[in-house]
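Good morning, and thank you for the time.

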Amino acid sequence: MVDPDKLMIKADKLTKLSLTRWTADWRAATVLYEAAAIEYRTARDNVKAKVALEKASKGQEMLSSPWDAAKHMETCGNIAKELGNWGEVLDYYRRASELFNECGRVQPAADALAKGARALEESSPDEAIQLYTDACSLLEEDGREQMAFDLYRAGTSVYLKLERYEDAATFLLRWGLAADHCNAVNSQCKAYLSAIVVYLYAHDLKQAEKCYNDCSQ
């Protein structure tokens with residue numbers, strides 16, 4: 001069996017400059033970091049696996065491969081979730097999204113934010129809502145409103161669990177607007193009707209009536 005600790009030491013040496021090494025060999029180091037991560041995962045040493053993958057992600061960035069760097073960040077996010085490190089979950093998935101965006105891949109960038117949001121719904125609902133919102137914005141800016149519908153549904157669900165009915169209704173109205181932009185009439189009507197129902201449930205008859213009148217336009 002390969003000793004992953006030795007792989008890490010060897011990889012670290014390749015990235016450090018010295019009197020005999022004037023340039024870092026990120027290509028060789030990244031291969032070693034990735035190999036170490038696999039061994040750590042096999043041994044169920046998730047803490048060390050996460051460190052190895054972080055370094056592998058950095059290596060892929062240095063090699064101008066943001067896609068591979070992003071995939072490693074997503075795996076780090078998943079490991080952080082398994083470890084219950086919720087602050088790290090947020091950071092890793094946000095970084096993964098940024099890296100996917102760097103290579104012009106909007107859908108995977110939004111998906112990374114959504115994965116982070118789902119992981120954080122129970123422990124950090126406010127952060128989850130922010131990630132869902134940011135994912136929707138990414139897709140809308142790229143003209144992919146239809147791909148955001150499930151995210152609007154998920155974000156609304158979190159608001160309702162928190163009993164933040166006005167925020168839930170506002171999010172549903174935003175969904176209705178997104179549906180309007182891509183001519184998804186059925187989804188638009190459902191979103192507006194859901195907003196009215198939420199206002200009624202919260203006993204805000206005035207807002208429900210205003211929403212009904214606005215939507216009737």
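I begin with Thr156, which touches Ala168, Phe171 and Leu172 when residues up to four places away in sequence are not counted. Please keep in mind that this is a predicted model. Thr156 lies in helix 8, and at a relative accessibility of 6% Thr156 counts as buried.

Let me now turn to the domains. The domain assignment of the protein gives domain 1 as residues 1-64, domain 2 as 66-155 and domain 3 as 163-216. Taken over C-alpha atoms, the centres of domain 2 and domain 3 are separated by 25 Å. In contact across this pair are 13 residues of domain 2 and 10 residues of domain 3.

How much area is buried between domain 2 and domain 3? The figure is about 1,000 Å², and carbon and sulfur atoms give 64% of that area. On the side of domain 2, Glu145, Phe149 and Tyr152 supply 57% of the area buried against domain 3, which is more than any other three residues.

The polar side of this interface can be described as well. The count is 4 residue pairs in polar contact between domain 2 and domain 3, with both residues at pLDDT 80 or more. Which elements give two or more residues to the side of domain 2 that touches domain 3? They are helix 7, residues 125-141, and helix 8, residues 149-161. Helix 7 gives the most, with 6 residues. The rule also finds 2 salt bridges across the interface of domain 2 and domain 3. Elsewhere in the list of salt bridges, the side chains of Arg174 and Glu140 meet at 3.4 Å, N to O.

I move to the structure as a whole, where a search finds 15 salt bridges. In one of them, the side chains of Arg95 and Glu61 meet at 2.8 Å, N to O. Arg95 lies in helix 5, residues 86-102, and Glu61 in helix 3, residues 46-62, so this pair ties together parts that are 34 residues apart in sequence. Both partners are partly exposed: Arg95 has a relative accessible area of 23%, and Glu61 has 32%. A network of salt bridges links Glu61, Arg95 and Glu98.

A further salt bridge joins the side chains of Arg94 and Asp134 at 2.7 Å, N to O. Here too distant parts of the chain are linked, with Arg94 in helix 5 and Asp134 in helix 7, 40 residues apart. Arg94 is partly exposed at 28%, and Asp134 is partly exposed at 23%.

By contrast, a local case is found in helix 8. Arg153 and Asp150 both lie in that helix, 3 residues apart, about one turn. Their side chains meet in a salt bridge at 2.5 Å, N to O. Arg153 is partly exposed at 44%, whereas Asp150 counts as exposed at 53%.

Finally, the cysteines. How many disulfides does the structure hold? The number is 0. For Cys136, the closest cysteine sulfur is in Cys182, 12 Å away, which is too far for a bond. Cys136 is buried, at 0% relative accessible area, whereas Cys189 is partly exposed, at 47%.

Cys211 is found in helix 11, residues 205-216, and is buried at 5%. Beyond its neighbours within four places in sequence, Cys211 is in contact with Leu173, Tyr192, Ala195, Ile196 and Tyr199.

Methods:
Residues numbered from 1 in each chain as written. Predicted model: local features only at pLDDT ≥ 70, side-chain atom pairs only at ≥ 80, totals over all residues. Heavy atoms only, no water. Disulfide = S-S within 2.5 Å. Buried < 20%, exposed > 50% of the residue type's maximum accessible area, 1.4 Å probe, protein only. Domains from an automatic or database assignment. Contact = heavy atoms within 4.5 Å. Buried area = accessible area lost by both parts, 1.4 Å probe. Salt bridge = Lys/Arg side-chain N within 4 Å of Asp/Glu carboxyl O. Polar contact = N/O pair within 3.5 Å; in protein donor to acceptor, adjacent residues only side chain to side chain. Helix = DSSP H or I, 4+ residues; strand = E, 2+ residues; numbered from the N terminus.
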